[in-house]
Amino acid sequence: VQLQASGGGLVQAGGSLRLSCVASGSIFSINDMGWYRQAPGKQRELVALITSGGNTNYADSVKGRFTISRDNAKNTVYLQMNSLKPEDTAVYYCNADILRPPVPRYNSYWGQGTQVTVSS
C-alpha cells in the first residue's frame, strides 16, 4: 500500500492550494483519512480528518479556511486550503487507516509529505 500526496507549493498569503492524496495497492477498505502537518522545530499536528462516512474534524487554527473531502471510489483524500497564512507553512502529510488482505485489522499508513510554503 502506498499513499502519494501532491499539490504543495509556494503561495502568497491569502492564496489557495489544493492537496491530493491517493492510496494505491491491495486495499480492501479505508476508514479514516486525514492530513497532518509538521513545521520546522515543531511536532506533527492534525490538520483535518474525515471518516468513511464523511464526518469531519478540523484543528481550530484552520477552521473556516480549510476543507477536507474524499472520493471513496478513487481512494483519494483532498485538502482545499484557502486564505493561507505564513503560519500554515509546513510539510503536509496524508494518513489513512487501511484494511488490506490478509491482515485482519486496519493499519495506519502515511504519505511522503508535500511542502506548503506561504509567503507574507
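## Close-up views of a predicted model

The structure holds one disulfide. The model shown in these views is predicted.

**View 1. The disulfide joins Cys21 to Cys94.** The S to S distance is 2.1 Å. The pair links distant parts of the chain. Cys21 lies in strand S3, residues 17-24. Cys94 lies in strand S9, residues 90-99. A disulfide is a covalent bond between the sulfur atoms of two cysteines.

**View 2. The link of Cys21 and Cys94 is right-handed.** The angle about the S-S bond is 55°.

**View 3. Are Cys21 and Cys94 buried or exposed?** Cys21 has 0% relative accessibility, so Cys21 counts as buried. For Cys94 the relative accessible area is 0%. Cys94 is therefore buried. The cut-off for buried is under 20% relative accessible area.

**View 4. Gly8 sits in a loop between two strands.** Gly8 counts as partly exposed because its relative accessibility is 32%.

**View 5. Which residues does Gly8 touch, not counting those up to four places away in sequence?** They are Leu17, Leu19, Thr114, Gln115 and Val116. For Val116, the C-alpha atom is separated from that of Gly8 by 4.9 Å. Along the chain, Gly8 and Val116 are 108 residues apart.

Definitions and conventions. Residues are numbered from 1 along each chain as its sequence is written. This is a predicted model: local features need pLDDT of at least 70, side-chain atom pairs count only at pLDDT 80 or more; totals for chains, interfaces and linings use all residues. Side-chain values use heavy atoms; hydrogens and water are left out. Helices (H or I, at least four residues) and strands (E, at least two) are DSSP runs, numbered from the N terminus. Buried means under 20% relative accessible area, exposed over 50%, partly exposed in between (1.4 Å probe, protein chains only). Contact means heavy atoms within 4.5 Å. A disulfide is a pair of cysteine sulfur atoms within 2.5 Å.
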